[in-house]
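Here is a short briefing on a complex of two chains. Keep the sequence and the 3D view open as you read.

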Amino acid sequence: MIHRANQIALFFAGYPHDEAVAGVLDHFKKFWERRMRDQIVAYVAQGGKGLHELALEAVKRLQ
Amino acid sequence: MALIQEIDYGTPARIAETLVTLEIDGKLVTVPRGTSVMRAAVEAGVQVPKLCATDNMEAFGSCRLCLVEIEGRKGTPASCTTLAEPGMKVRTQSPKIAKLRRGVMELYISDHPLDCLTCAANGDCELQDMAGVVGLREVRYGYEGQNHLKAEKDQSNPYFTFDASKCIVCSRCVRACEEVQGTFALTIQGRGFDSKVASGPTNFLESECVSCGACVQACPTATLMEKTVIDHGLPEHSVVTTCAYCGVGCAFKAEMQGAEVVRMTPYKDGKANHGHSCVKGRFAWGYATHKDRITKPMIRAKITDPWREVSWEEAINYAAGEFKRIQAKYGRDSIGGITSSRCTNEETYLVQKMIRAAFGNNNVDTCARVCHSPTGYGLKSTFGTSAGTQDFDSVDDSDVIMVIGANPTDAHPVFASHMKKRLREGARLIVVDPRRIDLVKSAHVKADYHLSLLPGSNVAVINAIAHVIVTEGLVDEPFVKERCETEAFEQWRKFIAEERNSPEATEAMSGVPAADLRAAALLYATGGNAAIYYGLGVTEHSQGSTMVMGMANLAMATGNLGKRGVGVNPLRGQNNVQGACDMGSFPHEFSGYRHVSDESTRKLFEDAWHVELQNEPGLRISNMLDAACEGTFKGIYIEGEDIVQSDPNTQHVTAGMTAMECVVVQDLFLNETASYAHVFFPGSSFLEKDGTFTNAERRISRVRKAIPPTAGMADWEITMALSAALGYPMPYQHPSEIMDEIARLTPTFAGVSFDKIDELGSIQWPCNAKAPEGTPVMHIGGFVRGKGRFMITEFIPTDERTTGRFPLILTTGRILTQYNVGAQTARTENNVWHAEDVLEIHPFDAENRGIREGDRVALTSRAGQTTLHARISERMQPGVVYTTFHHGFTGANVVTTEFEDWATGCPEYKVTAVQVTLAKKMSDWQEHYLETRKQTTQIESKQILTGAAGD
């Protein structure tokens, strides 16, 4: 899950920061099933260690 | 129903602006300039006798049977090689011509066996027909002289015989092999009376022949003859249908005796194949009646129990009961389903409808997940829709062809022949592939550049090509300004021009010499119409979607879109990958690629289906398996897909399958996935189906039922019955009604119906009010999304890295004679060519490991280990090994890992770090596999023999 989220973040990292976070967030919303979103939200709630900063920011907006 | 007899015009059609009018036997006829007199005669309704001419190859003028008289000209020219001219007056019959023709026929027959009554071609022999047409009544020369009547028969090929005693040396087979197939395996050996057709210095089986059947199709006698016709006799009726193998979607005539197929012959009016075929579609259809076919529904409580044959009613009710029980216990989202690219559009649509409406969730996915899902994401992001941009015929206008991560001669052979024809005409070729595929150098085809990149470096290479185009000032500025989003383009231009994307900077990562890459980039940008064709070597990477976007960027930057001869063209792996995606079988979108969260789209479906639908994406295949391992996903319905063999990291797949409480498999055979199933619904082969397939060029073609469903119920009827048992009836009377519903709910299919397809032959979507007869080339004048969008495609190396422990890269693929998981082809004579998957390894790597040709080797990754036999091959680079996944026992996916495309979850089949060592015995996994298969395929007291073979 962390690896998947970071791979998404790495793609959007080529874009300006706000656009990149929006891109990652949009990806989570469009393609991740509820269980997966719940899992990553719970993971971030515990600190989100190892998550790319863009993924971290996006997940926080997912909550 | 009757046997379809297609008209043979003798020579190919010509396209010309200028027309010429001539008179043939008193009839005026107007034809395009360049048309032969022979063809013009047929157009005028006049048949000129012929033997060496046929209309899918150029005139040869050797048989001297088509002689005619032309007013004002001396002699009797051959009508096949004489072009129609304005005012020409042609006579096809006269006493002089009749005498000449009889003389020619007499010579032919003087060296031909007179066994017509027992000949396999009796009733379907052009030589026999022509003898009748010219009125041959005697052969004055006798048979005592030198002749070929005792020439040896070559029966080495499993599908056809070559009986040299019946050959008239018309060269049609040789020319078909050259002009139609492009293999050049046949030749005329010797001179004069000693001339004979030869498959090189050996027999057909050992020769370079690829068994496409073009020579058999072309043969006017019984020299080249299908063994099925020899065994069964000639067919009496035919049904036009669509091949169930690759994404080319060839049209075939299923030629029948009653309810038995006698042969499959390619249909000339098929717009994808124009009368050509490959070994799979033409000959490998025997699996449909293979003894392994399961013909009765079966259930069992545990996968270790033997299967119990039951009635359809009991099986359907059992499956529905289990799904209801699981949902009641674990929740609505605890079940899901998978559909397949081997299903028709109508079947796929029904499966996703049942899951969304009857299961009440969006947990539906399709095998496109593991092949071309990045195509959907990448092309939708840049162009606005998930589809190849061109029709196949567009390649006729290509000046430069760039083939990336595809091996068309093996995986899409009929289109490869079309492409090779264009290459022989002078189009330039760039191949981007780690392997030296056949297109790099084969008969009369040679790539201008072979960019032999390291697996995993696709994006670095495409970025470097774009870098050259941008920094050398080769961008088609007017196209970009008019057709693309300016801000996104400028953002991309700035990114791609950075030095780190240059060929010199990326050379170390990709292994592609900078000079070669620069030259290839210049050719692509300046060589005229440039088309990209790509395959799974693009998509099955951790950056698969990024690479698709990179290719789209390149095409937009050079203006290579929106006209013939250009474009970005995915070569879809299976027959209905495009259709499966179109039909809404992904968990996040309805048919026509509309997201489930879109209120107006969802309302449309809710109103039509009379049910409330989820507005959030469901689970993908890999997510379903993860959830199963975690204990939240407990039941699955799988139609036509074998995920245990085809999906990566087999151990993870089987762990997920084992964790489920109800697995329902609908298939022809007890495939590998069925080993983990509790319910088995016997499905139908393509010969038993009614519906449509959509090929790689968006062409929707009819699949017509040639024989009744072996198990008594068609696949669409099984899904309907299951849905009804779940409490959601879908009462269609015929698959055409399903397509009507698809058309009502899907704007790009609005004009599609079975009647319309029957009328036009096939239709390329979008087909609607704007394009009532379909759309061969997309994005003319504007993109589906409005303006094209350049995307930033940063190269991010895969996390799958070679190490001291796993120093080699494994890349997997497919070969000509087998198809996907081998369920079909491995149950045919195609095993003669490929009885097992082998490991291709470079001589350098082999020598370092003491490996010799044919040695059993262990292939080990961090995911698992299997064993197979080695083939030493310089097609591979040092450091890269290759295998196929066609046979269950090989377990190629035991070795592949869980890494996947960042956007779509498409597995990274093309890059796995491995070690190869000599092995003395099969791997532990293989031993376990054989044991599991033995245990899980028992039918009460019967033992099922599967196509998978151990050694």
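**A helix and its neighbours**

The buried residues of helix H8 in chain B pack against strands E13 (298-299), E15 (335-339), E26 (635-639), E27 (662-667) and E28 (679-682), and against helix H25 (715-725) of chain B. This is a predicted model. The predictor gives the complex an ipTM of 0.97 and a pTM of 0.96.

**More on helix H8 of chain B**

- H8(B) covers residues 312-330, 19 residues in total.
- From its first C-alpha to its last, H8(B) reaches 27 Å, close to the 27 Å expected at 1.5 Å a residue.
- Which residues of H8(B) are buried? They are B:Ala315, B:Ile316, B:Tyr318, B:Ala319, B:Ala320, B:Glu322 and B:Phe323.
- An α-helix has 3.6 residues a turn, so residues three or four places apart point the same way.
- Just after H8(B) comes B:Gly331, with a positive phi of about 105°.

**The open sheet of chain B**

- An open sheet in chain B is built from 7 strands.
- Their order is E14-E13-E28-E27-E26-E15-E16, and the pairing is mixed.
- Strands E14 (308-309) and E16 (364-366) of chain B stand at the edges. Each has a single partner strand, so one side of each is left without a neighbour in the sheet.
- E13(B) and E14(B) run antiparallel and are joined by 2 bridges.
- In this pair, B:Ile299 stands opposite B:Arg308 of E14(B).
- Strands of a sheet pair through backbone hydrogen bonds, either parallel or antiparallel.

- Strand E29 (residues 691-694) of chain B runs antiparallel to strand E30 (residues 699-703) of chain B, with 4 bridges between them.
- B:Gly691 and B:Phe693 point one way from E29(B), while B:Thr692 and B:Thr694 point the other way. All of these residues are buried.
- In a regular strand the side chains alternate between the two faces of the sheet.
- B:Thr692 stands opposite B:Arg702 in E30(B).
- The hairpin of E29(B) and E30(B) has 4 residues between the strands, and B:Arg698 takes a positive phi near 65° there.
- Strand E34 (residues 856-860) of chain B and strand E35 (residues 865-872) of chain B form a hairpin too, with 4 residues between them.
- E34(B) and E35(B) pair in the antiparallel sense over 5 bridges. B:Arg856 has B:His869 of E35(B) as its bridge partner.
- E34(B) also pairs with strand E37 (residues 912-918) of chain B, antiparallel, through 4 bridges. There the bridge partner of B:Thr860 is B:Gln915.

**Backbone details in the loops of chain B**

- A cis peptide bond joins B:Trp765 and B:Pro766, with omega about 0°. B:Pro766 lies in the loop between strand E31 (763-764) and strand E32 (808-813) of chain B.
- B:His274 has a positive phi near 45°, though it is not a glycine. Its loop runs between strand E12 (260-266) and helix H7 (279-283) of chain B.
- B:His444 also has a positive phi, about 65°, and is not a glycine. Its loop lies between strand E19 (441-442) and strand E20 (445-446) of chain B.
- Is B:His444 buried or exposed? B:His444 counts as exposed, because it has 12 C-beta neighbours inside 10 Å.
- B:His274 is partly exposed, because 19 other C-beta atoms lie within 10 Å.

- Chain A has 4 helices and 0 strands.
- Its radius of gyration is 10 Å, close to the 11 Å that the globule rule gives for 63 residues, so chain A is as compact as a globular protein of that length.
- The C-alpha atoms of chain A fill a box of roughly 25 × 25 × 20 Å.
- Buried residues make up 48% of the 63 residues in chain A.
- The contact between the chains takes 14 residues from chain A and 16 residues from chain B.
- Helices H1 (2-12), H2 (17-31) and H3 (34-45) of chain A each supply at least two residues of the side that touches chain B.
- H1(A) gives the largest share of that side, 4 residues.
- By class, the side of chain A that touches chain B has 8 nonpolar, 2 polar and 4 charged residues.

**Confidence**

- Chain B averages a pLDDT of 96, and 99% of its residues score at least 70.
- Over residues 945-951 of chain B the pLDDT is below 50.
- Where pLDDT is low, the predicted coordinates should not be read in detail.

Methods
Residues numbered from 1 in each chain as written. Chains lettered and ligands numbered in written order. Predicted model: local features only at pLDDT ≥ 70, side-chain atom pairs only at ≥ 80, totals over all residues. pLDDT = per-residue confidence, 0-100. Contact = placed C-beta atoms within 7 Å. Buried ≥ 20, exposed ≤ 12 C-beta atoms within 10 Å, placed from the backbone. Pairing = 2+ DSSP bridges. Expected span 1.5 Å × (residues − 1). Rg over C-alpha atoms; globule rule 2.2 N^0.38 Å. Nonpolar A, V, L, I, M, F, W, Y, C, P; charged D, E, K, R; others polar.
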